[in-house]
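Open the model in your viewer and keep the selection tool ready. Each stop below tells you what to select and what to look for.

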Amino acid sequence: MDRCLVTGANGHLGNNLVRALSKQGHNVRAGIRNLDKSSSLAGVDCEIVYCDLLDKASLQAALQDIDTLYQVAAVFKHWAEDEEKEIVEPNLLGTRNILQAAYEAGVKRVVYVSSIATLEQTRRNEDGEILVEGYNVSDQLNPYCHAKTLAEQEAWKVADELDLDMVTVLPSTILGGEFKPSTESLDAFSAIVNGKMPFLYELNLSPIDVNDVVKGMISAAKLGLRGKRYVLANTTTISSEEIIEIAREINPALVAPKILSEPEIYALVAQAEAEALSTNTRPKLIRSNVARSLKHKFIFDQKDSLEHLNHAPISAKTVVRETMQSLYQGQ
């Protein structure tokens, strides 16, 4: 079995990936930035090591004798007082550092985690599917989208310069899993099913179970073609109305969130922005997040993932139902 390093092993995706690799018998090294927060890996057969993308020495040590690098760690924030310094720059520098260290350590394959946020929504095929070619140019106001786009482009630049054997995987909204930490996505679905979300707006999401992303990543390490980008999204979508319907099945006493019109949601965005400006805090609603998801249908051209990686995710409705069942507090 491969000797693997998983960076970001305290995160939702990284943690579940470590668990799956360990169960399959791989020699797994779990890289985390704060060793005092390693309890999420208690009982998992893995080697826990200090790994900070901004600390080159830690990367060099963590990558010794590693065959496959799963580069999962990233700054995952949609807002900061200084977005360039706190979100964009660390993602770019971290990408350069980890790939340079992987090259120096003689790593055989890199699976680099990007995001569907790097894809240009307006570039679609005749079936309305978002194309995998090219990069996001239309919603770069969102610092997360901006950072992930620049970071993946930087990853390919460095990989080409160093002749690294690399593939990238681009997950959509990740739910589910044995380890479910507090993430924006999981917290949102928890709020919906527990009656703490007062409103939604018109969405057509492509949520995917973290276990299906993990399977896709492990397949990418074994079967992915060098130099390819693989979208790991659902092959079905789910609407706001369908999300609420499932929440009602799980919580019959639910007071369902109101689905707001476009003028209504942007009025709330303006109010949230004004409040945040006065307190110098994160807005409760981020305009760029609303703009990139309102009325957009997140369907993707995944023919390469289906053919090369045997990607076969459980349906969007199933992953939402299973996730909300596990997060429902009325049981």
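Select asparagine 136 first. Leaving aside neighbours within four places in sequence, asparagine 136 is in contact with Ala117, Thr118, Leu119, Glu120, Cys145 and Thr149. Contact here means heavy atoms within 4.5 Å. Asparagine 136 sits in the loop between β5 (109-113) and α4 (143-162). Helices (H or I, at least four residues) and strands (E, at least two) are DSSP runs, numbered from the N terminus. Is asparagine 136 buried or exposed? Its relative accessibility is 3%, so asparagine 136 counts as buried. Buried means under 20% relative accessible area, exposed over 50%, and partly exposed in between, with a 1.4 Å probe and protein chains only.

A word on the model before moving on. It is predicted: local features need pLDDT of at least 70, side-chain atom pairs count only at pLDDT 80 or more, and totals for chains, interfaces and linings use all residues. Residues are numbered from 1 along each chain as its sequence is written, and side-chain values use heavy atoms, leaving out hydrogens and water.

Zoom out to the whole protein. Count eleven helices and 13 strands. The C-alpha atoms fill a box of roughly 55 × 45 × 40 Å along the principal axes. Buried residues make up 54% of the 331 residues. Of the contacts between residues at least 6 apart in sequence, 74% join residues at least 24 apart.

Next, select glutamine 71. This residue is in strand β4 (residues 68-71). With a relative accessible area of 1%, glutamine 71 is buried. Which residues does glutamine 71 touch, not counting those up to four places away in sequence? They are Thr7, Leu53, Ile98, Val111, Tyr112 and Val113. Show leucine 99 too: it is 28 residues from glutamine 71 along the chain, and their C-alpha atoms are separated by 8.8 Å.

Move to valine 28, in strand β2 (residues 27-32). Valine 28 counts as buried because its relative accessibility is 2%. Beyond residues up to four places away in sequence, valine 28 touches Cys4, Val6, Val18, Leu21, Ser22, Cys46 and Glu47. Methionine 1 is 27 residues away along the chain, with 9.8 Å between its C-alpha atom and that of valine 28.

Now look for the nonpolar cores. A nonpolar core is a set of buried Ala, Val, Leu, Ile, Met, Phe, Trp, Tyr and Cys residues joined through side-chain atoms within 4.5 Å. The largest has 38 residues, and Val231, Phe300, Val320 and Met324 have the most contacts inside it. The elements giving two or more residues to this core are α5 (184-193), β8 (199-201), α7 (240-250), α8 (262-279) and α11 (316-327). A second, separate core of 32 residues includes Leu41, Val113, Ala220 and Tyr230.

Stay with methionine 324. Neighbours within four places in sequence aside, methionine 324 is in contact with Phe189, Ile192, Val193, Ile243, Ile246, Ala247 and Ile250.

Finish on α5. Its buried residues are Leu186, Phe189, Ser190, Ala191, Ile192 and Val193. They pack against α1 (12-23), β7 (174-175), β8, β9 (204-205), α7 and α11. Last, select glycine 195: just after α5, glycine 195 takes a positive phi of about 70°.
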